[in-house]
Amino acid sequence: MLLTLVNIGPLKEARVELGRGLTAFYGPNASGKTTVARVLRLLALMNMGVANAGELMELINRVKREGRIVYEDGGSTLEISCALGERGAWLKFGGVLGGERRVYANDRLESIDRPRIAMFWILHNSVTLYGIKAQEGRPYELADLLAPSVLRGLVGEGKALGDFLDFYEEFLAKVNEYLEAFSGHVLEYRDGLYFRRSIHLFHPNQTAKGVRRMALIIAATLLAEAVTEGATPVVYLEEFESLHVDYLELLIEFLRRRSAAVVAETHSGFVLRRVYETKSKGDVRYYIFKDGAVYTEIDPKLFIREIAAMVGVDML
């Protein structure tokens with residue numbers, strides 16, 4: 001999957017390749033990392049036919065007032081050019097869509113069948129799904145995501161009950177295989193979701209935040225691989241560095257082995273370094289967001305402000 005963004009948010013021009021495994025986005029706030037996530041969300045909503053022109057217009061750089069998004073995947077290309085006017089905007093489509101028209105903020109954008117994206121956007125302790133059946137824009141905490149009734153709706157309500165129960169048992173066992181190896185905990189669903197460690201059972205609120213977040217990342221990523229047939233699964237993780245360093249190293253190895261495209265957004269030089277050191281193993285890449293562009297060259301000067309903040313020195 002290749003994204004080319006021109007005058008989108010703070011990005012003057014950027015080309016980002018997202019393949020299977022792990023991609024790290026490193027950079028300060030307002031450098032364009034989340035802008036890429038918003039573009040992916042827009043494309044997923046266009047797949048479902050529920051994207052509004054206003055969502056696209058908000059992405060266009062307010063100074064340049066004209067931007068372009070090109071999405072290439074699986075031999076299909078979608079190109080969207082948008083020029084803002086005093087009222088509304090002028091859209092021009094290329095690739096799988098053709099033509100041009102004037103739109104206003106509340107107008108629906110064209111629906112696209114391909115390329116297809118299914119996006120799992122993880123923020124703090126919840127994941128929001130885009131491009132997954134009728135579950136648009138709803139945040140799920142871990143207990144919600146693993147509730148059998150919710151999961152059956154995501155997997156397919158047409159699936160026979162026995163087949164779904166087999167899927168649920170296998171899915172939870174796979175989540176627990178990684179979670180127990182990483183933290184010593186396993187998940188059990190009784191009248192709700194619980195964490196078990198040895199013989200002790202804990203409510204999620206009694207379990208460390210890092211363990212809960214790691215469980216959410218594992219479950220959402222494995223689910224993205226399981227329920228996105230016909231679409232490219234994308235998992236976007238915000239504030240990846242909020243996890244304990246030991247969990248980060250284990251998750252980097254776990255995520256690089258996934259068939260989904262996993263993006264870990266970070267402000268931490270430590271995360272970037274660990275991703276860089278893992279790159280030789282394959283299915284790992286990184287992009288550095290700076291001054292309206294993206295880079296793959298690591299300059300030690302990137303970390304001056306980060307180091308200064310750690311020791312309490314004002315670099316301005």
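Strands β11 (residues 186–189) and β12 (residues 193–197) pair in the antiparallel sense over 4 bridges; pairing here requires that DSSP finds at least two bridges between two strands. Between β11 and β12 there is a hairpin of 3 residues. V186 has R196 in β12 as its bridge partner. Helices (H or I, at least four residues) and strands (E, at least two) are DSSP runs, numbered from the N terminus.

Before going on: this is a predicted model, where local features need pLDDT of at least 70 and side-chain atom pairs count only at pLDDT 80 or more, while totals for chains, interfaces and linings use all residues. Residues are numbered from 1 along each chain as its sequence is written, and side-chain values use heavy atoms, with hydrogens and water left out.

Next, β15 (residues 261–266). Is this strand enclosed or open? It is largely enclosed by the rest of the structure, because 6 of its 6 residues are buried, meaning under 20% relative accessible area, with exposed over 50% and partly exposed in between (1.4 Å probe, protein chains only). A261, V263 and E265 point one way, V262, A264 and T266 the other. In a regular strand the side chains alternate between the two faces of the sheet.

β15 runs parallel to β3 (residues 21–26), joined by 6 bridges, and it also pairs in the parallel sense with β14 (residues 232–237) over 4 bridges. V262 is the bridge partner of L22 and also of V235.

Last, helix α5 (residues 161–183), which holds E170. E170 counts as exposed because its relative accessibility is 58%.
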